[in-house]
Amino acid sequence: MAPMSNPTVRAIVTDIEGTTTDINFVHKVLFPYAHAKLPDFLRENAEAPAVAEQIQAVRDVMQDADASLEAVIATLLHWIDTDQKVTPLKALQGMVWADGYQRGNFTGHLYADVAPALRQWQAAGVALYVYSSGSVQAQKLLFGYSDEGDLTPLFSGYFDTHIGHKREAVAYQRIVEALDLPAESILFLSDVVEELDAAKQAGMQTLQLVREGTQAGTAHACVESFADIAL
Ligand SMILES: CSCCC(=O)C(=O)COP(=O)(O)O
Ligand SMILES: [Mg+2]
């Protein structure tokens, strides 16, 4: 595929799952790890303020202020099984994954084309950001303990569902405001058409990543690799 060239891009916001990182790493390594470790993590740390805050947030989503800890755990496991992007689940997953990364149980998967492109774009003066449903902590862990070492110095910032949900244009409008750049100078990279549609609605440029197993064929320009994006 011919490289796509776009000198008007001043910032890039990238999705993770299916864009920088194999969906299988998220679904077959990270989610099962959280599923296995979350119950005891919660039982052992329920009183810790950061954990207690998230347990309360789960009860709020459940609309059951009296839900027992075991009911909260069952709800969280159901959310993992059904891949629900619920903010307190994402926060708790990040806390549990920290231990897995720090013990060396896994490293954050990156497609081989990702790190060289990120380094090149950052060196060229393009500001790099992440926007994922995974918590900011989980994003920093994935790039901090990545297959390519610690890539966090390459990024200028991170956004998660606290800014809004990834299929809603308002989330991208808030990101544009946070970056304080013209929307059309920001390029959003994702594999998910609904996310690209929402970013486009907010005025951003968009590019769909078509990795193995993802479907192309949308209104958005698409590439198979970060190596095909020349700025
Ligand atoms: C930040 S790594 C874990 C990713 C995750 O939890 C997730 O739900 C994937 O969300 P994305 O928005 O990157 O598709
Ligand atoms: Mg994705």
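This note comments on the domain contact and on one histidine in a predicted model.

1. The domain assignment divides the protein chain into domain 1, given as 4–21 + 108–230, and domain 2, given as 26–102. The centres of the two domains, taken over C-alpha atoms, are separated by 26 Å, and the contact draws on 14 residues from domain 1 and 13 residues from domain 2.

2. About 1,200 Å² is buried between domain 1 and domain 2, with carbon and sulfur atoms giving 63% of that area. On the domain 1 side, Glu17, Leu141 and Tyr145 supply 38% of the area buried against domain 2, which is more than any other three residues.

3. Between domain 1 and domain 2 the count is one salt bridge, and a salt bridge is formed by the side chains of Lys85 and Glu17, at 3.9 Å from N to O. Four residue pairs in polar contact are also counted between the domains, with both residues at pLDDT 80 or more. The residues on the side of domain 1 that touches domain 2 comprise four nonpolar, nine polar and one charged.

4. His220 is placed in the loop between β6 (205–209) and β7 (222–223). Its relative accessible area is 6%, so His220 is classed as buried, the cut-off being under 20%.

5. The side chain of His220 makes a polar contact of 2.7 Å with that of Asp197 and another, of 2.8 Å, with that of Thr206. When neighbours within four places in sequence are left aside, the residues in contact with His220 are Val193, Leu196, Asp197, Lys200, Thr206 and Gln208.

Terms used: Residues are numbered from 1 along each chain as its sequence is written. Chains are lettered from A and ligands numbered from 1 in the order in which they are written. This is a predicted model: local features need pLDDT of at least 70, side-chain atom pairs count only at pLDDT 80 or more; totals for chains, interfaces and linings use all residues. Side-chain values use heavy atoms; hydrogens and water are left out. Helices (H or I, at least four residues) and strands (E, at least two) are DSSP runs, numbered from the N terminus. Buried means under 20% relative accessible area, exposed over 50%, partly exposed in between (1.4 Å probe, protein chains only). A polar contact is a pair of N or O atoms within 3.5 Å; within protein, one must be able to donate a hydrogen and the other to accept it, and residues adjacent in sequence count only if both atoms are side-chain atoms. Contact means heavy atoms within 4.5 Å. Domain bounds come from an automatic or database domain assignment. Buried area is the accessible area (1.4 Å probe) that two parts lose on being put together, summed over both. A salt bridge is a side-chain nitrogen of Lys or Arg within 4 Å of a carboxyl oxygen of Asp or Glu. Ala, Val, Leu, Ile, Met, Phe, Trp, Tyr, Cys and Pro count as nonpolar, Asp, Glu, Lys and Arg as charged, and the others, Gly among them, as polar.
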